[in-house]
Amino acid sequence: MLLRRREFMKMLGVTAATAGLGACGRNWLVSDRMVQLALRGPGLEREVQTVCGLCEGGCGLTVKLVDDIPVGIKGNPRHPLNRGGICPVGQAGLEVLYAPERLRGPMRRDDGGTLRPAPWEEVLEQIAARLSEVHSGGEPQRFAMLIDAPGRLFYELAERFTQVLGSGSIANPFEAETLPYMLTQGTETVPGFDLAHADLVLSFGLDLFEDGHAPIHAIAATVGTRTTEERVLLLHASSRRSPTASKAAQHVNIRPGTHGALALGMAHVLVREGRYDRRFVAEHTLGFDEWTDDAGQQRLGFRRLLLENYYPDRVAQICGCEPSHVIGFARRFADASAPVAMAGGEAVWGANATWNVIAIHALNALVGAFDRAGGVLLPPPIPFTPLEPVPRTGREELPSVFTSDAAVFASDPIEALAGDGSTTPPVDVLFIVNTNPVYASPAGARLRAALERIPTVVAFAPFADETASVADFILPTNVFLESWHESTTPPSVSVQVLGLAPPVVEPLFDTRHAGDVLLDLAARIGEPAASTLPWRDYPDYLKHRVQGLEKAGQGTVISGSFEESWVRFLEERGWWFLANSGFDKFWEDLVRQAGWWNPAGPRGDVSQLFGTESGRYEFYSRALEKRLVELGTRRGRGQAPLQGAITELGLAASADEVCLPHYEPPAETGAGELSLQLFRPMTARGPLGCVSPMVLEMFGYYTFSGWETWVELSEETAHELDFHDGDHVALESERGSIECVVRIHPGAQPGVAHVPLGLGHRALNEICTGIGSNPTDVVVPARDPLAGTPSLTSTRVQAHLVRRREHGGPPPMHGGH
Amino acid sequence: MKSDSSASPVAHGSAADEFQDTDLLRSIEEAGIRFRVTATLVFLVILGGWVLFRRQILHGLGVTGLNQPVAWGFYIVNFVFFIGISHAGTLISAILRLSQAEWRRPITRMAEVITVIVLAIGGFHPVLDLGRPERMMNIFTVGRLQSPLLWDVTSISAYFMASTVYLFIPMIPDIALLRDRGVRPRWLYAFLAWGWQGTPRQHQVLEKAISIMMILVIPIAVSVHTVISYIFAMTLQPGWHSTIFGPYFVVGAIFSGIAALLVVMIVLRRIFRLDRYLKDVHFDPLAKLLLLMSLLWFYFTFSEYLTAFFGQEPSELRVFFHKFSGPYAPHYWGMVACNFLIPVLILSFRRSRRIPGILIASIAVVIGMWLERLNIVVPSLANPRLPYPTGFYIPSLVEWGMFAGGIGTFILGFVVFGRFFPLISIWEIQEGREKAIKETLERTQSYLPSVSASSS
Amino acid sequence: MARWGMVIDLDRCTACGACVAACHQENNLAAVGPEEATRHSRAFHWLRLLPEASGAHADVRMRYFPQPCFHCDNPPCVRVCPVGATYLGEEGIVGQIYPRCIGCRYCMAACPFNAKVFNWYDPEWPGDLERKANPDVSLRPKGVVEKCTFCHHRINRAREEARAKGRKLRDGDITPACAESCPARAIEFGDLEDPRSRVSALAHSSRAFRLHDDLGTKPKVYYLTERSEHGEDSRQRGA
Amino acid sequence: MKAAYIIVIVILIAVAGGVSVALIAQSAEQPIPFNHKLHIEEAGMECTDCHLYAVDGVRATIPNLDICGECHAEPLTESAHEARVAEYVREGVPIPWRKVYWVPEHVYFSHRRHTAVAEIACETCHGIVGERSDPLTRPLVRLDMDACMKCHKETGASNDCVACHM
């Protein structure tokens with residue numbers, strides 16, 4: 001059936017006609033790039049489960065591959081944390097994988113000071129040499145490591161590496177805030193808040209649906225997995241009218257940093273109206289009523305402290321809200337059947353963060369929300385195979401570089417390294433793994449100067465970011481889709497979950513996972529590292545650790561849409577899921593489903609949740625008292641050590657109050673007329689989100705703005721300063737100034753400027769460099785006296801106009817008419 | 001400035017022998033350096049326009065100032081503006097011919113030329129505006145007649161066809177005159193004269209054709225601009241979706257048409273020294289007509305915005321205040337000044353209704369009417385019904401270039417036409433001299449009984 | 001035939017932006033870059049999050065509408081399209097045929113909901129970002145109007161699967177990218193004509209309302225108001 | 001006057017000629033003259049033996065090296081062309097076949113929907129390739145929109161634009 005003559009002529013005729021009229025109809029403007037894209041292979045599709053590595057939220061992902069090329073990422077519907085939900089940054093996973101300017105191989109700084117590509121072998125040999133030099137040189141504490149690892153397993157491997165080669169100087173500069181829970185509950189980690197069963201969540205400063213450690217889990221647990229009628233009732237107290245605030249049943253706009261006062265005001269109402277859980281307070285708390293200490297003195301109880309000091313009018317005056325708000329919140333909180341109070345966001349970024357969280361956590365104790373569904377749980381650590389202790393030869397007494405007596409309990413690792421900019425840093429070899437402190441920390445500039453003076457700085461990063469560009473060696477790490485990676489239970493999550501996933505695609509460039517590199521270095525250095533880190537490569541190490549999990553027989557691999565209550569129901573009746581056939585089947589299942597979880601419900605015995613000496617929830621924190629007395633005596637205030645420590649640390653509380661939940665005013669630095677408050681929108685999750693053009697374009701998606709950092713001002717403040725919506729203004733403090741676009745928000749507080757974190761990179765890749773500005777550049781950090789962490793919300797800034805909005809009408813933030 | 005002392009007012013005898021309308025042919029015979037210079041200059045402007053258009057084709061419409069809510073801008077504004085001016089021609093010359101106003105004789109051809117050129121330019125503007133210009137033929141191959149854009153395409157092409165014919169037919173005697181005088185390029189005139197010998201039979205057929213076209217063109221012209229207004233009125237956008245748009249655009253078109261005609265007449269009178277033919281008697285009635293149209297335009301605008309404001313619909317109010325006090329306030333109040341204040345002030349007093357005054361008023365009206373189109377198109381798009389941010393629109397170099405190219409094409413069209421054909425219709429002037437006086441005399445006598453009864 | 005529609009529960013939606021990102025990735029949209037987005041406001045999404053404020057100063061409440069194309073049953077855009085590039089399909093999908101669209105943007109001007117967007121320049125993906133393109137959705141060149149398509153490539157795929165298995169399409173077989181990614185499960189998609197489907201049940205709920213349904217376009221995306229005990233019901237406050 | 005008419009006609013002819021030449025040039029030269037007839041009749045093979053995914057894939061795909069390699073690792077006959085196939089297989093360089101049947105980039109055509117679900121024979125769209133012994137240089141059946149829509153109308157398949165224009 002040759003091409004029929006008539007058809008040929010017709011075709012010739014039509015073509016002649018169209019040719020004559022200028023080739024209309026044919027898409028000669030469609031570039032060949034698009035045609036060639038469509039010519040892939042047969043188009044065979046498959047789906048692979050993995051775990052998101054772009055932030056600590058640990059969501060389960062399903063990656064759709066067509067002919068082994070990943071073309072789509074979506075949430076894994078069976079994963080217990082996110083139940084199929086996924087955040088915008090997670091969706092941009094492929095844009096991070098294929099982002100331009102990813103590091104293609106190791107880089108080394110040549111003597112001329114410029115970073116040049118170098119082969120892996122050479123670079124690893126040099127680093128191994130430097131390490132063994134430090135190790136055998138008798139000063140092992142000269143080797144330190146800064147690491148931000150979403151998974152415990154990787155952190156423990158790195159910790160083991162520093163213990164065997166250095167003196168265990170390892171720290172996560174952006175560790176979650178554990179001190180207040182350690183002082184009151186005696187736990188090492190942040191407890192889990194069972195959002196899946198709570199019927200009322202009272203959040204202080206934490207935008208539950210945008211920020212925090214696992215927002216997608218929060219949304220899925222409080223809204224996603226429930227019917228609309230059972231949806232959680234959210235009460236929210238913060239200084240910014242965020243989308244979560246608008247979503248809340250009731251939002252109280254309070255002055256920045258006064259979250260603790262509001263909590264204590266609510267506690268006052270609970271105690272005065274007797275709406276607190278008397279039985280729990282009597283049996284499981286300490287310091288509620290007057291008590292006599294072992295020295296026979298009568299000590300102030302929490303009850304009297306509340307009734308005398310925190311009556312609603314005073315609290316309303318401190319917080320800048322109405323007394324009726326305080327009373328209303330307290331009553332609604334008390335009436336709920338399963339209330340839980342959480343702190344986060346701006347409440348934990350201030351200098352009075354620890355005091356705030358202690359006061360907020362006290363509310364949970366007053367309503368007895370411990371160890372019950374919908375309350376505060378303490379998921380036990382995941383039973384991995386324990387590692388035998390590192391053979392310490394005379395190193396016990398060497399302190400980690402990062403402990404210093406600057407603060408009462410802990411200290412900021414960055415501050416320990418950066419010092420005051422001139423002192424020689426206490427470290428010769430520094431590893432910086434998957435973290436970018438020069439960009440993210442307020443002390444970034446000083447740290448950068450210190451890094452230049454440290455002889456050997458090795459940065460593990462997928463991009464040449466601000467920190468890596470100062471390092472002597474850059475070892476390119478994989479994006480999570482290219483390598484084995486794992487993430488364990490995120491802080492404040494009540495479900496025990498392990499995400500462990502094999503690579504979805506072959507690494508695009510000559511990059512390796514940091515775990516593989518550490519093991520490789522250990523092998524090169526030989527004894528004693530080689531024996532204490534005997535694993536061949538990172539998957540081998542993971543396999544070894546997971547064997548303990550299989551033996552423990554708890555929880556189940558993520559499979560099918562088992563509801564957690566069903567799993568627990570079976571477990572209580574002795575059904576053990578994991579009694580299946582041996583480790584290999586378990587490992588194969590685990591890797592295919594990329595996750596294991598155990599619905600760690602209430603343990604049945606409340607006292608297991610309290611690791612304090614008294615085995616109770618300590619309103620009066622004995623640990624804090626002991627440490628303050630120590631500090632007082634050490635600073636030569638022998639006769640009244642407690643009072644001495646208070647004056648030493650500059651606290652506002654009296655000797656009786658200091659160990660009880662009380663209100664410490666937020667510290668303020670700088671003299672500007674606007675109080676700079678920071679927040680993290682959903683599109684600023686994780687350090688790598690902003691290499692994706694989509695994330696940058698939808699950065700301010702709920703205000704129709706993208707590619708720019710904005711500052712939310714109230715109408716009065718904008719009117720006073722003569723700013724209009726869309727103008728470019730500079731916010732200045734003594735440390736520098738940043739440029740932002742004004743967005744007049746109808747619900748904003750006068751005198752407060754809210755600026756989003758996430759932009760303002762000076763080096764990451766060409767897409768996000770120079771886009772927006774980084775508010776931490778202008779933050780003058782005050783220090784939290786107890787935890788030593790720098791505060792992000794204590795700066796007062798000056799604002800002045802840079803240039804007016806160039807064109808047309810303002811894009812009204814609240815959407816016009 | 002009375003200047004007709006030289007030629008006796010009444011001339012008779014056949015056109016061929018004592019032909020004294022030589023200055024009408026000046027533009028043809030003396031088309032020397034000035035023609036070439038202006039032609040090349042204007043051609044360069046148009047060339048610049050094409051270069052910018054080529055850039056737009058290669059890079060895409062991003063080179064313009066258009067953006068997300070404001071999807072239409074200069075090209076559509078200019079499209080409506082140029083088609084608006086086209087009403088200068090056929091509509092006015094047709095009405096004047098219909099009403100047998102003798103003072104129309106030197107004006108009609110200029111008006112018809114404006115129409116044809118401006119229609120060509122205006123008709124091409126939607127093609128400039130297309131995202132995929134090479135798919136322009138889709139309108140014809142898979143066109144949907146239910147779309148106002150298709151009504152628009154059909155009515156404009158019909159109008160273009162009608163006004164070209166309406167321009168060409170009255171030109172035939174003049175072309176024959178040029179053919180007989182042997183003006184170069186001879187084959188052009190021979191071909192276009194269509195074998196005209198001036199026999200009474202041919203005159204009779206010519207008169208009949210003109211009268212048919214006269215009747216035909218008026219409804220088409222009115223339909224063209226109503227249909228252009230339907231492009232906006234048929235949508236649900238606040239500020240567009242109103243019943244007044246049809247007549248409002250027609251009034252606006254006639255208004256800007258007359259203004260453009262006056263400008264062209266004054267300019268050509270100045271360049272080709274036609275003051276013997278275009279006297280005050282020609283300008284005064286048109287100026288009065290312009291004044292009348294200015295009042296009518298203001299009436300329509302006032303009623304449109306009053307209904308919008310009084311109705312207090314939120315989306316309408318948003319567009320309303322966007323024009324009254326928002327970012328488009330200068331354009332809006334500029335429009336009202338140019339279209340109403342200036343023309344009324346100048347034209348309502350005899351002292352200022354002189355040629356310079358008329359020129360100022362006409363130019364103000366042309367600018368005012370361009371602003372009016374801008375005020376209609378952009379603010380409605382910039383204020384979406386849903387709570388999107390208010391849009392804005394800043395025309396880019398390419399759009400200004402294309403606008404200049406459009407005006408350049410208009411000037412070039414006139415210059416080239418003037419080079420090949422007489423700008424004032426010679427045979428009508430002669431016919432006017434010979435027959436018109438008798439006819440008007442009889443006509444006035446026919447309806448003034450007292451004059452005929454006294455039979456002196 | 002089916003009549004595809006969507007119900008978005010504003011009581012559940014937490015304005016997290018996952019739907020905006022999911023639509024962007026699924027349909028191969030490209031970012032337009034900082035210059036085009038901030039100075040020329042040409043950044044676009046097929047599904048946008050609309051902020052709507054109600055109430056006065058102190059107690060202002062923002063409400064966020066995820067707004068895809070409403071796929072109206074009486075679409076103003078289809079009425080005005082000169083070449084029939086946008087048309088109302090048999091199953092209620094307002095399609096946009098990129099090879100036929102001449103880019104006159106009349107439908108953008110006519111749509112009262114600004115649901116249509118336009119590629120002002122050729123979309124580019126820096127570096128080798130192109131390799132992530134979803135092969136099921138065609139890449140649009142510059143100069144054509146594009147819009148949310150209710151992920152009809154997923155509808156066709158689900159129909160193909162169902163036919164291959166020899167069964168009819170069931171409610172819930174088809175989930176567009178936005179509904180699939182929503183952590184709060186606020187977006188339901190299905191056949192409005194099928195009385196047993198979840199979508200038609202929700203569409204007839206007392207809380208259901210449609211944006212600007214007074215315009216007579218008969219949109220097929222229903223919103224459910226926030227429930228009063230979860231915050232003042234903004235519908236009563238005169239949205 | 002006549003000159004003008006003549007000029008116009010000449011232009012038209014030139015354009016038409018140029019176009020037809022371009023069309024013929026469009027036909028592709030195959031690197032190796034593949035003989036479909038030989039494989040189907042003598043070797044008794046089916047279309048899906050080489051085009052593996054014709055039934056369950058979106059694109060049927062041109063056979064890659066290892067499919068040819070199964071039989072042609074060593075030359076079976078003496079023909080020089082077949083020797084070159086073995087050479088390609090040995091070197092592992094994929095044979096640069098020219099794709100002859102095109103569907104425009106903006107059309108979504110899934111083989112599975114047509115072969116598995118609608119049970120349409122390969123010949124309907126690809127022409128009787130089985131009887132062609134010479135290599136294919138141009139599509140035997142011109143696949144244009146009208147052909148597809150006509151068939152869709154006849155078989156009752158949906159002619160909704162979005163069915164193919166994704």
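Reader: Before anything else, what counts as a salt bridge here?
Author: A salt bridge is a side-chain nitrogen of Lys or Arg within 4 Å of a carboxyl oxygen of Asp or Glu. This is a predicted model, in which local features need pLDDT of at least 70 and side-chain atom pairs count only at pLDDT 80 or more, while totals for chains, interfaces and linings use all residues. Residues are numbered from 1 along each chain as its sequence is written, chains are lettered from A and ligands numbered from 1 in the order in which they are written, and side-chain values use heavy atoms, leaving out hydrogens and water.

Reader: Which residues are linked with C:Arg154 in a network?
Author: C:Arg154 belongs to a network of salt bridges together with A:Glu47, A:Lys74, C:Glu26 and C:Glu180.

Reader: And how many salt bridges are there over all chains?
Author: Over all chains, the structure holds 84 salt bridges.

Reader: Switching to A:Glu415, what does its side chain meet?
Author: The side chain of A:Glu415 meets that of A:Arg446 in a salt bridge of 2.6 Å, N to O. This pair links distant parts of the chain, 31 residues apart, with A:Glu415 in helix H16 and A:Arg446 in helix H18 (residues 444-453) of chain A; helices (H or I, at least four residues) and strands (E, at least two) are DSSP runs, numbered from the N terminus.

Reader: Is A:Arg446 buried, exposed or in between?
Author: A:Arg446 is partly exposed, with a relative accessible area of 29%, where buried means under 20%, exposed over 50%, and partly exposed in between (1.4 Å probe, protein chains only).
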